[in-house]
Protein chains: 2
Amino acid sequence: MSNFFDLIHSSPDCKARRGVLHTDHGDIPTPIFMPVGTQASVKALQQRELKELDAKIILGNTYHLYLRPGNDTMKFFGGLHQFMNWDRPILTDSGGYQVFSLQDLRKISDKGVEFRSHIDGSKHFFSPESVVMTQRILGSDIMMVLDECVPYPSDEKYTAKSMELSLKWAKESRDHFNNTNPLWGHRQFQFGIGQGGMYSNLRKEYAERMVDIGFDGYAIGGLSVGEPAELMYELSDISTEILPKDKPRYLMGVGTPENILESIERGIDMFDCVLPTRNARNGQLFTTRGKINIRNSKYKLSKEVIDENIDCYASQNFTLGYLRHLFIANEILALQLATQHNIAFYLWLVKTAREKIEKNQFLEWKKNFLDFYLSEND
Amino acid sequence: MSNFFDLIHSSPDCKARRGVLHTDHGDIPTPIFMPVGTQASVKALQQRELKELDAKIILGNTYHLYLRPGNDTMKFFGGLHQFMNWDRPILTDSGGYQVFSLQDLRKISDKGVEFRSHIDGSKHFFSPESVVMTQRILGSDIMMVLDECVPYPSDEKYTAKSMELSLKWAKESRDHFNNTNPLWGHRQFQFGIGQGGMYSNLRKEYAERMVDIGFDGYAIGGLSVGEPAELMYELSDISTEILPKDKPRYLMGVGTPENILESIERGIDMFDCVLPTRNARNGQLFTTRGKINIRNSKYKLSKEVIDENIDCYASQNFTLGYLRHLFIANEILALQLATQHNIAFYLWLVKTAREKIEKNQFLEWKKNFLDFYLSEND
């Protein structure tokens, strides 16, 4: 059986790296951006369109899919790939982030977390083991461990205490993963998640102790939660110093195009974020000319296509003026075209980053691109 | 220049007919169903998907497009085909139906109708001539005349008076059409609209006097407004007795699959309706097995595809169980897939009708199809 992760090339002048993840649903070149398909659908995109845009892997969410359609239904359909008719890789988040966002609706113990459904108020319990089993049923190629997501800001004492609990859960998750088998005939991999709030000493200790447990890959969680971008970069940088070079690193929930490029520079391989899809639905487009708000009246009479530099149906075939009309008139097609374009842009961004890393031109390209991109925003 | 309409074949045992409309944006086989793209978009469908489903012609709406994006913008973009990037035929409704639906917001005179925008309350005026000119700007292949749509029910006196006004407008519309030229280098055709409420004598007189004015085709308006289906069929039947055989007949705003087949039998060539698109968004699917409400819990564990008899991406590649999940979870993809399927079904219906007419099997097929289709509804 091949390695899960191969490191192909490392930049000479920064920590940016070019790698490949091997899964039974196909290879994933890194650095990669993973479109978010929370409820078994990347909002406003068809599965064939995700392929057309050449999405290499998408996300699903354990919390949402556990509640709806539920584990029994998911099992009946033979897992998430079958259910949604998607034969490329899937990563599932553990649902920890969603459960801990429920605030008053959840109760935490060292065994796990009890919570009430945001849909119907029904009571449920997630343990490190149950979250592994739900992800066995989902059949995701990459599953995440359950962890406690500390609020931002949190004091050091609480953050340290939370770290102990999450590390205990991480160990239990890994043991349960090692003692159980995939259900659907393809391999599954498991990532640990490093937290540690905004404390560099805790981030460091957390990363070291995760590596001691030993996972197929390592995620950095609890960033991009409101802290300054520079602090996020610094804490990622500290983490990737410790994480082993031969394992993939995943910065969860990040972020803007500039966040992604800065983090690639600091040695991150994988990203997911709702920004390109959610902001598309609000009329914000990420383009090679910068961010634009398509509702702006200055686009009313624009015959320019959405983005001539992005090779996608939406970007090439419709004018800014037409897309603006669709938003103003509340047409569903507005959401479809804007989402297509934004995902195409994000995938273009990481693809270009990969090419530039291979040619040892990443830093230079990053600077030139961001200089232009950030100067042109609406 | 070729004929606009060629009648290819007439059924021996009913009035069903097989024809072709020739436009500069392509030929349209009849009987045909025209998906409704009110605001320059068929809701939830991309233009390339309309082509994939082999939609031969779509509708736009003069009232909506006049208000938004407005005639100046439409002119700037070079007409509706250019604006929405659709190179197949377009028919535009005159907007009369929408204006007369505004109730308290409009004031009618023999010159036309003053109304307030449903969007911002601004005051506007439509005359027979201005509606022709707006459709010149839109560049629709087929334009409709402005007419007064009488409410249902209306008494005979009011209906007769309304007929006189609408016939006056029809004549003015035709004169203005004949005295003006297309703006965008392709031919435009103009249809009259026969009203007459539920009065067969008025329907008859109206049709005769429309034919005297002389249009490229004839629409039957003001039906499917709440009257019994049998009455609609009877009034259509009366109209097609009078309308010339060498011109296309268009039954506006109709209807269900059974309405369409019954009307084809009575000599109608063209149909439009929001049912397949609007009902798709409410979770109602028209399938070869009958109408289904996909939210029904009986589909939760269905691994059947949406409709194995319909050749479309949505129909063939996703299960009823997955589509139900998308609706329950409020995913946009639900609307996209359901709309794709419903339009595919409607286009399959008229395509099959055309094939059966050619083989002199229409009546037999219609009976067998409807016996099954109507028995299987949820």
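How many residues of domain 1 of chain A are in contact with residues of domain 2 of chain A? The answer is 26, and they meet 24 residues of domain 2 of chain A; two residues are in contact if their C-beta atoms, placed from the backbone, lie within 7 Å. The model is predicted: local features need pLDDT of at least 70, side-chain atom pairs count only at pLDDT 80 or more, and totals for chains, interfaces and linings use all residues. Residues are numbered from 1 along each chain as its sequence is written, while chains are lettered from A and ligands numbered from 1 in the order in which they are written.

**Figure 1. The two domains of chain A.** Domain 1 spans residues 5–273 and domain 2 spans residues 280–375 of chain A, with bounds from an automatic or database domain assignment. Their centres, taken over C-alpha atoms, are separated by 27 Å. On the side of domain 1 that touches domain 2, β2 (17–23), β4 (32–34) and α9 (257–265) of chain A each supply at least two residues. Helices (H or I, at least four residues) and strands (E, at least two) are DSSP runs, numbered from the N terminus. The largest share of this side, 6 residues, comes from α9(A). By class, this side of domain 1 holds 16 nonpolar, 2 polar and 8 charged residues. Here Ala, Val, Leu, Ile, Met, Phe, Trp, Tyr, Cys and Pro count as nonpolar, Asp, Glu, Lys and Arg as charged, and the others, Gly among them, as polar.

**Figure 2. Helix α12 of chain A.** This helix covers residues 320–328, and it is largely enclosed by the rest of the structure because 8 of its 9 residues are buried. A residue is buried if 20 or more other C-beta atoms lie within 10 Å of its own, exposed if 12 or fewer, and partly exposed in between, with C-beta atoms placed from the backbone. Among the buried residues are A:Leu320, A:Tyr322, A:Arg324 and A:Phe327. Their cover includes α13 (332–358) of chain A, together with α2 (62–76) and α3 (80–84) of chain B. Just after α12(A), A:Asn330 takes a positive phi of about 55°.

**Figure 3. The meeting of chains A and B.** In this view, 31 residues of chain A are in contact with 31 residues of chain B. Several helices of chain A, namely α2 (62–77), α3 (80–84), α11 (313–317), α12 and α13, each supply at least two residues of the side that touches chain B. That side of chain A has 17 nonpolar, 9 polar and 5 charged residues.
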